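Me: Could you take a close look at one part of this protein with me, the barrel and what packs on it? I would like a connected walk-through.

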Amino acid sequence: MATQVELAVKGTITPQMKEIALAEGLDPETIRARFAEGQIVAPIGVNHRHQVVGMGRGLSTKINASIGTSTDIVDIAAEVRKAQAAQAAGADTLMELSVGGDLDKVRREVLAAVSLPVGNVPLYQAFCEAARKYGDPNKLDEGMLFDLIERQCADGIAFMAVHCGINLYTIERLEKQHYRYGGLVSKGGTTMVAWMKKNHRENPLYEKFDRVVEILKKYDVVLSLGNGLRAGAIHDSFDRAMIQELLINCELAQIGREMGCQMMVEGPGHVPLDEIEANIILQKRMSNHAPYYMLGPIPCDVTAGYDHITAAIGAAQSARYGADLICYITPAEHLALPNERDVVEGVKAARVAAYIGDTAKYPERGRRRDMAMSKARRDSNWNKQYELALFSADAQAIRSERSPSDSRACTMCGEFCANRGSMEVFGHLLAGTAKA
Ligand code: SF4
């Protein structure tokens, strides 16, 4: 089937493009042109009915939640519940990242349970299967890897993080800089680097990039160029190895797009707050504004237990400067496999970050809701406040737990409610246009 990029290049405005235009309040022709340029993508895939989610230039920032078993905790029912909880909490996309148990079964059950576009990282299952079959993940052969990628696409995966940008030259940069403060922190990246070193071979995902693209194109799956050398410590942000991988990924994004595949680039990691903007400028300039899928970033290394908040601070900045899809971080980051409560907390923190980022990225359209909320607060219109709140049920629950004696106020200031008091003094000034 023709991909969204191929159709856009031919001048076709697809139903997906129309739906994105409607949802974002933009002109369908603008959306088509940006698909053609590779600046907007929408995970499509086959055999899984899911929502249309556009990501990229001029669109609202989307958020991803990742779930999946580990080698220590394998509970498929729990992963399905986490996937559904992520969707209910407002995730736009889901990544199924299992490495424990029957990986085909987990993927298929999660796909059946949600109506979000589902992504994954094929290297996880590839190395797991090689370890089970040969007793050594480094015995993975490339035929097995490409067959697996196709199997996952055929199951309904709609976007795939593929670690194509790690090559021998990238590893040489890592060695010449004498490794890192924080080591390597990407599972896919680390296993691929180990495979290359043990086998003295080039990364097949880089060497046979055309083959990766052809498989994903066949299913119109978005190829998200994995960030295998992302920094796991703020001191490693912008090191030469990480920049080398980013540069290659931006180059591959162009090649893939010219081949007709939907392409996205992945980024950080741990990055100090003052370096986030530069990271995004680099990616956007080097890739001609390919959609940027950003993990956080986490702008400091010392907040375990609260890394969802730390990451939200970084993500608000990254959304502001142009990140298009934010991968959430949960309170369990760096500590344990997230449970359902962690997933919900992580999604909500990321939603806050994306929302705040968009109020700065698109000030004209991004602040209308804030304006309406300000007026509802001023007017003590609680129903309107609930309607406008990002987390309406949570807001209502807190207020109803501690009900005030005066329904116009809340129990914070009670009879000294500033809103009520100031409206009694100044409310008459709103008789004109300001009341609207
Ligand atoms: S009581 Fe205080 S916090 Fe509550 S609505 Fe009035 S001004 Fe706001």
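Reply: Happy to! One thing to keep in mind is that this is a predicted model. Buried residues make up 46% of the 436 in the chain. As for overall form, a compact globule with 436 residues would have a radius of gyration near 22 Å, and the chain has 23 Å, so the two agree. The C-alpha trace spans about 80 × 50 × 40 Å along its principal axes. Among contacts with a separation of 6 or more, 74% join residues 24 or more positions apart.

The chain holds 20 helices and 10 strands, and eight of the strands close into a barrel, running in the order S3-S4-S5-S6-S7-S8-S9-S10 with parallel pairing. From one strand to the next, the twist averages 25°. As a reminder, strands of a sheet pair through backbone hydrogen bonds, either parallel or antiparallel.

Let's zoom in on one pair. Strand S8 covers residues 263-267 and strand S9 covers residues 292-295; they pair in the parallel sense over three bridges.

Notes:
Residues are numbered from 1 along each chain as its sequence is written. This is a predicted model: local features need pLDDT of at least 70, side-chain atom pairs count only at pLDDT 80 or more; totals for chains, interfaces and linings use all residues. Helices (H or I, at least four residues) and strands (E, at least two) are DSSP runs, numbered from the N terminus. The radius of gyration is taken over C-alpha atoms; the globule rule is 2.2 Å times the number of residues to the power 0.38. A residue is buried if 20 or more other C-beta atoms lie within 10 Å of its own, exposed if 12 or fewer, and partly exposed in between; C-beta atoms are placed from the backbone. Two residues are in contact if their C-beta atoms, placed from the backbone, lie within 7 Å. Two strands pair if DSSP finds at least two bridges between them. Axes are lines fitted to C-alpha atoms, for helices over the stretch in contact, and angles run from 0 to 180 degrees between N-to-C directions.
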